[in-house]
Amino acid sequence: MATRTSESLVRLPDRGVAYVAVLAALVSAGIHLYLAPTVIGFSQTTGILFYLNGVGWLGGIALLLSRFWRRELYLVAAGYAAVTVVAFVAMGGRVGTVSVVSKVAELVVAAAAVYLYTAEG
């Protein structure tokens, strides 16, 4: 008789820095999802990008907190965070308190991800 081993889908990180990254990603996701309905009124494309970015951060958090997370994905997370900052600058994003908070949060994610990648290596 075969026995099934049941491994939980959830796997919490064992380093505090990962929780800092999760919090920073939540900040960016929250800002983008909160602003998306307003931004879409001015630019449909930018509004959709705001929604996608917010959902992307939430998806990344879900993946990090799952058993499917792998060390190499820290580099993907760092790259994603860096691309969002570069895209903001390239698109001529309006600089204000909320955008600065979002971009700082994304840079925190990038730095934490690089640290976690090297710490686990």
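Helices here are DSSP runs of H or I with at least four residues, numbered from the N terminus.

**Figure 1. Overall fold of the predicted model.** The protein chain has 4 helices and 0 strands, and along the sequence it reads as the pattern α-α-α-α. Its C-alpha atoms fill a box of roughly 60 × 30 × 20 Å along the principal axes, and 30% of the 121 residues count as buried. Among contacts with a separation of 6 or more, 71% are accounted for by residues 24 or more positions apart.

Figure 2. The 18 residues of H3 (residues 73-90) should span 26 Å at 1.5 Å a residue, which agrees with the 25 Å between its end C-alpha atoms. Tyr 74, Ala 78, Ala 81, Thr 84, Val 85 and Phe 88 are buried in H3; seen down the helix axis, the buried residues fall within an arc of 120 degrees, and therefore line one face of the helix. These buried residues pack against helix H2 (44-64) and helix H4 (97-119), whereas Val 76, Val 83, Val 86 and Ala 90, on the other side of H3, are exposed.

**Figure 3. The residue Gly 92, which follows H3.** In this view beyond the helix, Gly 92 has a positive phi, near 70 degrees.

**Figure 4. A nonpolar surface patch that includes Leu 12.** Leu 9, Val 10, Leu 12, Tyr 19, Leu 63 and Phe 68 make a patch of about 590 Å². Leu 12 lies in the segment before helix H1 (16-42), and it counts as exposed because its relative accessible area is 58%, the cut-off being over 50%. For the protein chain, the accessible surface comes to about 7,700 Å², of which 70% belongs to carbon and sulfur atoms.

Methods. Residues numbered from 1 in each chain as written. Predicted model: local features only at pLDDT ≥ 70, side-chain atom pairs only at ≥ 80, totals over all residues. Heavy atoms only, no water. Helix = DSSP H or I, 4+ residues; strand = E, 2+ residues; numbered from the N terminus. Expected span 1.5 Å × (residues − 1). Buried < 20%, exposed > 50% of the residue type's maximum accessible area, 1.4 Å probe, protein only. Arc of directions from axis to C-beta. Contact = heavy atoms within 4.5 Å. Patch = residues over 30% accessible without salt bridge, like charges linked within 9 Å, V, L, I, M, F, W, Y side chains within 5 Å. Areas by Shrake-Rupley, 256 points an atom, 1.4 Å probe, with all protein chains shown as cover. Salt bridge = Lys/Arg side-chain N within 4 Å of Asp/Glu carboxyl O.
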